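Subject: Structure handover and notes

Dear colleague,

Here is the structure we spoke about, together with my notes on what was found in it. Please read the notes with the model open beside you.

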Amino acid sequence: MEANDVMRELMRWYIKSRLVVYAAVLMSLLGAFLMGYAVSSPPSYAAEVEASVKSFEASIAGMSFLAASLARFASLLGTVWISYIPIAGLWYAAYAMVNLGVIAAIPAIGYGGVASAIAVMIAMFFPVAEGLMLGFTLVLRAIKKNVPSRFIRYMWTQYVVAIVISLVLLGLLSAGA
């Protein structure tokens, strides 16, 4: 089989598989969020989360807009950076969505917390899905399938673009919060 034919077949596989992987990742993250939302947390946990949120907001209240936005961005990134690891990122993203669901169900957080949780889920969605696709491709390469290097570079490019999109979305979320 010629190299161009292999590349063409891999691109067909990628296009077909991408939709399935995107749907599976979206459903797993949404399911994890709803599972966390369905859990009833004790009042002491709700009070602890509310105190933590108020403490963080009080610590950045005296800062300039840029410094407060950077503090929020660093806090968000410190929470979700593990989801950028290919394949393992799906597990951590689902774990984080369960926690966001639990927090979003607290009445003191309100609808703003739910909207922020969904925005974080959307921001984590892209790198998790592309990380799975990259992981599948690397597994194909590892089991001695004929995967051209330029396809691996293409997958890495897609993954890096997904991370950049995620960082931009997290930055917009932290600036708008």
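Helices here are DSSP runs (H or I, at least four residues), strands are E runs of at least two, and both are numbered from the N terminus. In α4, the residues G89, Y92, A93, A96, M97, G101, V102 and A104 are buried, where buried means under 20% relative accessible area, exposed means over 50%, and partly exposed lies in between (1.4 Å probe, protein chains only). An α-helix has 3.6 residues a turn, so residues three or four places apart point the same way.

Please keep in mind that this is a predicted model, in which local features need pLDDT of at least 70 and side-chain atom pairs count only at pLDDT 80 or more, while totals for chains, interfaces and linings use all residues. Residues are numbered from 1 along each chain as its sequence is written, and side-chain values use heavy atoms, with hydrogens and water left out.

As for the overall picture, the protein has 6 helices and 0 strands, and its C-alpha atoms fill a box of roughly 65 × 35 × 20 Å along the principal axes. Of its 177 residues, 35% count as buried. Among the contacts (heavy atoms within 4.5 Å) with a separation of 6 or more, 79% are between residues 24 or more positions apart.

The largest nonpolar core has 38 residues, and those with the most contacts inside it are V25, L29, M97, M124 and F151; a nonpolar core is a set of buried Ala, Val, Leu, Ile, Met, Phe, Trp, Tyr and Cys residues joined through side-chain atoms within 4.5 Å. The elements that give two or more residues to this core are α1 (3-38), α3, α4 (88-104), α5 (110-142) and α6 (149-176), and α5 gives the most, with 12 residues. M97, which is one of the buried residues of α4, is in contact with L29, A32, F33, A117, M121 and M124, leaving aside its neighbours within four places in sequence.

The buried residues of α6 include F151, M155, Y159, A162, I163 and L170. Q158 also lies in α6 and counts as buried at 18% relative accessibility. Not counting residues up to four places away in sequence, Q158 touches Y14, R18 and E130, and the C-alpha atoms of Q158 and E130, which are 28 residues apart along the chain, are separated by 6.8 Å.

Helix α2 (residues 43-60) packs with helix α3 (residues 65-80) at an angle of about 145 degrees, with their axes 9 Å apart; the axes are lines fitted to C-alpha atoms over the stretch in contact, and angles run from 0 to 180 degrees between N-to-C directions. The contact is made by F56, E57 and I60 of α2 and by A68, A71, R72 and S75 of α3.

Elsewhere in α2, V49 is buried at 12% relative accessibility and, leaving aside neighbours within four places in sequence, is in contact with I103, I106 and I109. A47, also found in α2, is partly exposed, with a relative accessible area of 45%.

Two loop residues complete these notes. S41, in the loop between α1 and α2, is partly exposed with a relative accessible area of 26%, and beyond its neighbours within four places in sequence it is in contact with V102 and I106. The C-alpha atoms of S41 and I103, 62 residues apart along the chain, are separated by 8.6 Å. I87, in the loop between α3 and α4, has a phi near 65 degrees, a positive value in a residue other than glycine, and counts as partly exposed at 43% relative accessibility.

With best wishes
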